[in-house]
Amino acid sequence: MIGYLQVFLISMVPLIELRGAVPYAQLLGLPLVPSYIVAVIGNMIPVPFIFLFARKVLEWGMDKPVIGGFFTYCVEKGQKGGKTLQEKAGRGLFLALLLFVGIPLPGTGAWTGTLAASFLDMDFKSSVIAVMLGVMLAGIIMGLGAAGVLGMFGAVFGG
């Protein structure tokens with residue numbers, strides 16, 4: 001039970017998210033499907049809060065001493081990235097967001113994707129669905145990768 005709690009909490013951490021939680025679950029020897037479900041749920045819990053509040057907090061902090069420069073940088077980067085994504089995606093913004101979150105590369109998880117969706121002024125429901133499908137895709141990719149890599153090590157080293 002404690003292993004699932006660890007997977008759940010790790011999947012909520014920015015930058016690590018489900019992409020780190022699923023392989024961690026495999027290292028713990030937890031069954032893949034329940035671990036995957038726990039990691040998806042954990043990764044999705046912050047999404048509505050990020051969508052509804054992160055942009056507002058960043059915009060609020062832009063003119064504050066100490067944090068203003070960093071917050072301004074984040075807002076400008078988010079707006080620029082959102083515009084670039086929108087120009088390239090056109091009407092396929094939903095699919096672009098899904099793939100952005102779903103392809104497990106550094107900096108492309110649910111946190112970043114949700115923040116980008118808020119800067120693009122996507123509607124809440126579409127954003128959450130695209131991010132959720134992206135998280136599920138990333139979990140499948142990471143689960144297959146972790147099971148394959150760990151299985152290979154076990155076969156090679158007799159584990």
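**Figure 1. Secondary structure and overall dimensions of the protein.** In this predicted model, the secondary structure of the protein comprises eight helices and zero strands, so that the order of elements from the N terminus reads α-α-α-α-α-α-α-α. Taken along the principal axes, the box filled by the C-alpha atoms is roughly 55 × 35 × 25 Å. The protein has 159 residues, of which 38% count as buried. Where contacts between residues at least 6 apart in sequence are considered, 70% of them join residues that are at least 24 apart.

**Figure 2. Surface and charges of the protein.** The accessible surface of the protein amounts to about 9,000 Å², and carbon and sulfur atoms account for 75% of this area. The protein carries 10 positive and 7 negative charges, and the mean position of the positive charges lies 4 Å from that of the negative ones.

**Figure 3. The aromatic pair of F51 and F124.** This is one of the two aromatic pairs that the structure holds. The ring centres of F51 and F124 are 5.4 Å apart and the ring planes meet at 70°, so the pair is classed as edge-to-face, given that planes over 60 degrees apart fall into that class.

**Figure 4. The aromatic pair of F70 and F71.** F70 and F71 also form an edge-to-face pair, with a centre-to-centre distance of 6.2 Å and an angle of 65° between the planes.

**Figure 5. Helix α7 and the residue D121.** Helix α7, which spans residues 110-119, is mostly covered, with seven of its 10 residues buried. These buried residues are A110, G113, T114, A116, A117, S118 and F119. Just after α7 in the chain, D121 adopts a positive phi of about 60°.

Notes. Residues numbered from 1 in each chain as written. Predicted model: local features only at pLDDT ≥ 70, side-chain atom pairs only at ≥ 80, totals over all residues. Heavy atoms only, no water. Helix = DSSP H or I, 4+ residues; strand = E, 2+ residues; numbered from the N terminus. Buried < 20%, exposed > 50% of the residue type's maximum accessible area, 1.4 Å probe, protein only. Contact = heavy atoms within 4.5 Å. Areas by Shrake-Rupley, 256 points an atom, 1.4 Å probe, with all protein chains shown as cover. Lys, Arg positive; Asp, Glu negative; His and termini not counted. Charge placed at Lys NZ, Arg CZ, Asp CG, Glu CD. Phe/Tyr/Trp six-rings, centres within 6.5 Å; stacked < 30°, edge-to-face > 60°.
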